[in-house]
Amino acid sequence: PLSTLVFKSLLLSWDEYVHIITSRRVLASFRVSFSTSLLAAVIASFFGFIIAWTFVRYDFIGKRILDALIDLPFALPTAVAGIVLATIYQPSGYIGQFLDKTFGLKVAYNPTGIVIALIFISLPFVVRTVQPVLQEFDSTMEEAASTLGANKLQIFIKVIFPNIFPALLTGFALAFARGVGEYGSVIFIAGNIPYVSEIVPLMIITKLEQYEYAGATAIALTLLVISFLLLLLINLLQLWVRKRSGQL
């Protein structure tokens, strides 16, 4: 499949390829996809860490049920998730109506809705990446730091966080990668307004429906290359963090 993207894109001349990729509508879709995916991955990483920490460090009623619900986006078809999110966040929906009347915030049919959809489908990646690392964390390290006079904040910053940061970075990378290529859960809540809430996967589908296969593969190849370079950068950063942690 990857080689097909390359070979099909070669049917275009360089000028044709640049013309497709640099068109205003395509560039706008890239901006929407990458900006919303990045923001969603950051938010999912923050709350995913909190959820994983809560599951590992605390016992409470309904813990197993909530733990099982975290995996719901894995089992739920993305189109179903998109329809549900669009229904509750649209201006006449339960949450959308409340946010609009109370805060004047419109979620559906703009990039905000895309971010919420991407957080929903990417949050499990962060939780399930960080949770095992927290479970295997050696508590004696915390006890040693405590006996040396460190308070809880110092223990977290100096001892716990450096050990789990590589896993958190991995969860962030997985969430970001999933968000960039997500389609089903986004198209219903996004509104698909050109230059505003139109994502790259939708542009690819649009090209395919118009039988512009070379143009669709050109956009897909560009998306693949950019995503690969960003993930490579994140992996290099993760490797540097692990080496630095090992040195310390």
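Here is a short chat about how to read the charges and folds of a predicted model.

Q: What should I know before I start?
A: This is a predicted model, where local features need pLDDT of at least 70 and side-chain atom pairs count only at pLDDT 80 or more, while totals for chains, interfaces and linings use all residues. Residues are numbered from 1 along each chain as its sequence is written, and side-chain values use heavy atoms, with hydrogens and water left out.

Q: How many helices and strands does the protein chain have?
A: Helices (H or I, at least four residues) and strands (E, at least two) are DSSP runs, numbered from the N terminus. Here you get 13 helices and 0 strands.

Q: What share of the residues is buried?
A: Buried means under 20% relative accessible area, exposed over 50%, and partly exposed in between, using a 1.4 Å probe and protein chains only. In this chain of 248 residues, 42% are buried.

Q: What share of the contacts joins residues 24 or more positions apart?
A: A contact means heavy atoms within 4.5 Å. Take the contacts with a separation of 6 or more: residues 24 or more positions apart account for 75% of them.

Q: How many salt bridges are there?
A: Side chains of opposite charge can pair when their charged atoms come close. The rule for a salt bridge is a side-chain nitrogen of Lys or Arg within 4 Å of a carboxyl oxygen of Asp or Glu. That rule gives 6 salt bridges here.

Q: Which residue pairs with E198, and where do the two sit?
A: Its partner is R25, with the closest N and O atoms 2.6 Å apart. E198 is in the loop between α11 (184-190) and α12 (200-209) and R25 is in helix α3 (residues 24-57), so the pair ties together parts 173 residues apart in sequence.

Q: Is E198 buried or exposed?
A: E198 counts as buried, because its relative accessibility is 3%. R25, at 33%, is partly exposed.

Q: Which residue does D71 pair with?
A: D71 forms a salt bridge with R128, and their closest N and O atoms are 2.9 Å apart. This pair links distant parts of the chain, 57 residues apart: D71 lies in the loop between α4 (63-69) and α5 (72-75), R128 in helix α8 (residues 111-136). D71 is partly exposed at 29%, and R128 is partly exposed at 24%. D67 joins in too, as D67, D71 and R128 are linked in a network of salt bridges.

Q: What about E182?
A: E182 forms a salt bridge with R178, the closest N and O atoms being 3.0 Å apart. E182 is buried at 5%, whereas R178 is partly exposed at 24%.
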